[in-house]
Amino acid sequence: MKERSITLRTFFIHISILPLSLDKLSQELHLSKSYISYIFSQKLQVSFTDFINNLRVEYACTQLKKGTNITELALASGFSSVRTFNRA
């Protein structure tokens with residue numbers, strides 16, 4: 001199961017900058033939203049939203065070190081606005 005978690009994390013790192021929702025993920029993976037939520041909450045001990053936001057913030061931190069301004073950074077990290085980025 002640990003290998004699957006690593007693979008899942010790698011997958012989400014690559015797609016976390018895309019607009020992503022539980023609905024879209026459910027459709028893409030052909031799994032129910034409730035099952036995906038269960039996996040995140042029970043197996044990874046984090047909600048789907050928190051998981052994605054954490055990956056986006058990690059990405060944003062690496063970009064901030066490169067000198068990217070906050071507005072560009074927020075949008076490039078997959079947040080819909082600077083306000084959403086600030087709340088994360």
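Trainee: How many aromatic pairs does the count come to?
Mentor: Three aromatic pairs, by the rule used here. Keep in mind that this is a predicted model.

Trainee: How are Tyr35 and Tyr38 arranged as an aromatic pair?
Mentor: Look at the angle between the planes; under 30 degrees counts as stacked. Tyr35 and Tyr38 have 25 degrees between the planes, so the pair is stacked. Centre to centre, the distance is 6.4 Å.

Trainee: Where do Tyr35 and Tyr38 sit in the chain?
Mentor: Both are in helix α3, three residues apart, so about one helical turn separates them.

Trainee: Which residues form a nonpolar patch on the surface?
Mentor: Leu29, Leu31, Tyr35 and Tyr38 form it. Together they have about 360 Å² of accessible area.

Trainee: Now the phenylalanines. Why is the pair of Phe40 and Phe51 called edge-to-face?
Mentor: Planes over 60 degrees apart get that label. Here the planes are at 65 degrees, so Phe40 and Phe51 are edge-to-face. Their ring centres are 5.2 Å apart. The pair links distant parts of the chain, with Phe40 in helix α3 and Phe51 in helix α4, 11 residues apart.

Trainee: Are Phe40 and Phe51 buried or exposed?
Mentor: Under 20% counts as buried. Phe40 has a relative accessible area of 2%, so it is buried. Phe51 is buried too, with 11%.

Trainee: Which residues form one aromatic cluster?
Mentor: Phe40, Phe48 and Phe51.

Trainee: How should I think about cores in general?
Mentor: In soluble globular proteins, nonpolar side chains tend to be buried together.

Trainee: Which residues make up the largest nonpolar core here?
Mentor: Eight residues in all: Leu25, Ile36, Phe40, Val46, Phe48, Phe51, Ile52 and Leu55. Helices α3 (33–43) and α4 (48–65) each supply at least two residues of this core.

Trainee: Which helix gives the most to this core?
Mentor: Helix α4, with four residues.

Trainee: What lies apart from this core?
Mentor: Another core, of five residues. Leu73, Ala74, Phe79 and Phe85 are among them.

How values were computed. Residues are numbered from 1 along each chain as its sequence is written. This is a predicted model: local features need pLDDT of at least 70, side-chain atom pairs count only at pLDDT 80 or more; totals for chains, interfaces and linings use all residues. Side-chain values use heavy atoms; hydrogens and water are left out. A nonpolar core is a set of buried Ala, Val, Leu, Ile, Met, Phe, Trp, Tyr and Cys residues joined through side-chain atoms within 4.5 Å. Buried means under 20% relative accessible area, exposed over 50%, partly exposed in between (1.4 Å probe, protein chains only). Rings of Phe, Tyr and Trp (its six-membered ring) pair if their centres lie within 6.5 Å; planes under 30 degrees apart count as stacked, over 60 as edge-to-face and the rest as tilted. Patches are made of residues with over 30% relative accessible area and no salt bridge: like charges are joined within 9 Å, nonpolar side chains (Val, Leu, Ile, Met, Phe, Trp, Tyr) within 5 Å. Accessible areas come from the Shrake-Rupley method with a 1.4 Å probe; for residues, only the protein chains shown count as cover. A salt bridge is a side-chain nitrogen of Lys or Arg within 4 Å of a carboxyl oxygen of Asp or Glu.
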